[in-house]
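Me: Hi! Could you walk me through the aromatic side chains in this one, and then the nonpolar parts?
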Amino acid sequence: MDNILLALAIVSSACYVFGYYRMPFLFAGLLLQIAYLFVRGIALDRMPLVGPHDTLFFMSASVVLFALPVAWRMKERKRVLNAAVGMAVFFMAMSFLYKPHNSPLPPVLRTFWFETHVAFSFFSYALFGIAAILGVMFIMSREREFDLVQYKINLVGYCFFSAAMIFGGIWAYLAWGTYWLWTPKELWTVILWLYYSLYLHARLRPWWSGRPVSVMSVAGFLIVLFTYLGVSLFMKSSHSF
């Protein structure tokens, strides 16, 4: 089974590389990533969403999944997709630096609320990542389209992230009898939510539109990465890897 999964990941990466030249390879790469998650989920009898290996791989697939419809109608579709695929391959490669979590889940994690909380969190992270790419492109080119699409993507990502926080609170209440624990992970989650709340409000002010909010979008994704990887790896919390 491990060899099959590794083969799916390698062929998927190769398809993404060829996707720089032919669009159908991009779709093939995404289908292979989904197949990887499906096969691993069947083997584990649960959604593969525990530990850095599974979550990085899931985030990688989510980046491509959202980047395709986002970029499809954009004038610079090829540039956006190339950058998003580069990000997806990077996260997929990172996922193989970590040992997969193959142990059965404890009862506290075997709930709909936990899986939905994690899935929505990484959907939002993927969207924030794509928005950061568009932020960089706007800073470099001043193309208005990048700024407009970046705002819409961050808004959708914010909705996913807010829903993930609500589902996480329900899961925490069922698991530990409290909606919030104020561990480092929860604290940085609140910081991240407040930061993107500020971004969305700032974007509505004329003097903040353009370069300032694009810089905020890029900085926001750096906070996302710290909240996800930095806090989980280096701080003790209920979300530690």
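**Rings, charges and core**

Reply: Happy to. Arg 203 lies over the face of Tyr 151, 4.9 Å from the ring centre. Do keep in mind that this is a predicted model.

Me: Which charged end sits over the ring of Trp 72?

Reply: That is Arg 77, whose charged end is 4.5 Å from the centre of the Trp 72 ring.

Me: Now ring pairs. How many aromatic pairs does the count come to?

Reply: The count comes to 30 aromatic pairs. Take Phe 66 and Phe 123: their ring centres are 5.4 Å apart and their planes are at 90°, so this pair is edge-to-face, since over 60 degrees counts that way.

Me: Where in the chain are Phe 66 and Phe 123?

Reply: They come from distant parts of the chain, 57 residues apart. Phe 66 belongs to helix H3 (residues 51-72), while Phe 123 belongs to helix H5 (residues 112-141).

Me: Is Phe 66 buried or exposed? And what about Phe 123?

Reply: Phe 66 is buried, at 16% relative accessible area. Phe 123 counts as buried too, because its relative accessibility is 18% and the cut-off for buried is under 20%.

Me: What kind of pair do Phe 120 and Phe 123 make?

Reply: A tilted one: the centres of the two rings, Phe 120 and Phe 123, are 6.3 Å apart and the planes are at 40°. These two are 3 residues apart in helix H5, so about one helical turn separates them. Phe 120 is partly exposed, with a relative accessible area of 23%.

Me: Which residues form the aromatic cluster?

Reply: Phe 66, Phe 120 and Phe 123 are among them, and the cluster also takes in Phe 58, Phe 112, Trp 113, Phe 160 and Phe 167.

Me: Switching to the surface: which residues form a nonpolar patch there?

Reply: Val 17, Phe 18, Tyr 20, Tyr 21 and Phe 25 do, and together they have about 520 Å² of accessible area. Tyr 20 is in the loop between helix H1 (2-19) and helix H2 (23-44), and at 31% relative accessibility Tyr 20 counts as partly exposed.

Me: And inside? Which residues touch the most other members of the largest nonpolar core?

Reply: Tyr 125, Leu 134 and Phe 221, out of the 74 residues in that core. Helices that each supply at least two residues of this core include H1, H2, H3, helix H4 (77-95) and helix H8 (211-234).

Me: Which helix gives the most to this core?

Reply: H5 does, with 16 residues.

Definitions and conventions: Residues numbered from 1 in each chain as written. Predicted model: local features only at pLDDT ≥ 70, side-chain atom pairs only at ≥ 80, totals over all residues. Heavy atoms only, no water. Phe/Tyr/Trp six-rings, centres within 6.5 Å; stacked < 30°, edge-to-face > 60°. Helix = DSSP H or I, 4+ residues; strand = E, 2+ residues; numbered from the N terminus. Buried < 20%, exposed > 50% of the residue type's maximum accessible area, 1.4 Å probe, protein only. Lys NZ or Arg CZ within 6 Å of the ring centre and 35° of its normal. Patch = residues over 30% accessible without salt bridge, like charges linked within 9 Å, V, L, I, M, F, W, Y side chains within 5 Å. Areas by Shrake-Rupley, 256 points an atom, 1.4 Å probe, with all protein chains shown as cover. Salt bridge = Lys/Arg side-chain N within 4 Å of Asp/Glu carboxyl O. Core = buried A, V, L, I, M, F, W, Y, C linked by side-chain atoms within 4.5 Å.
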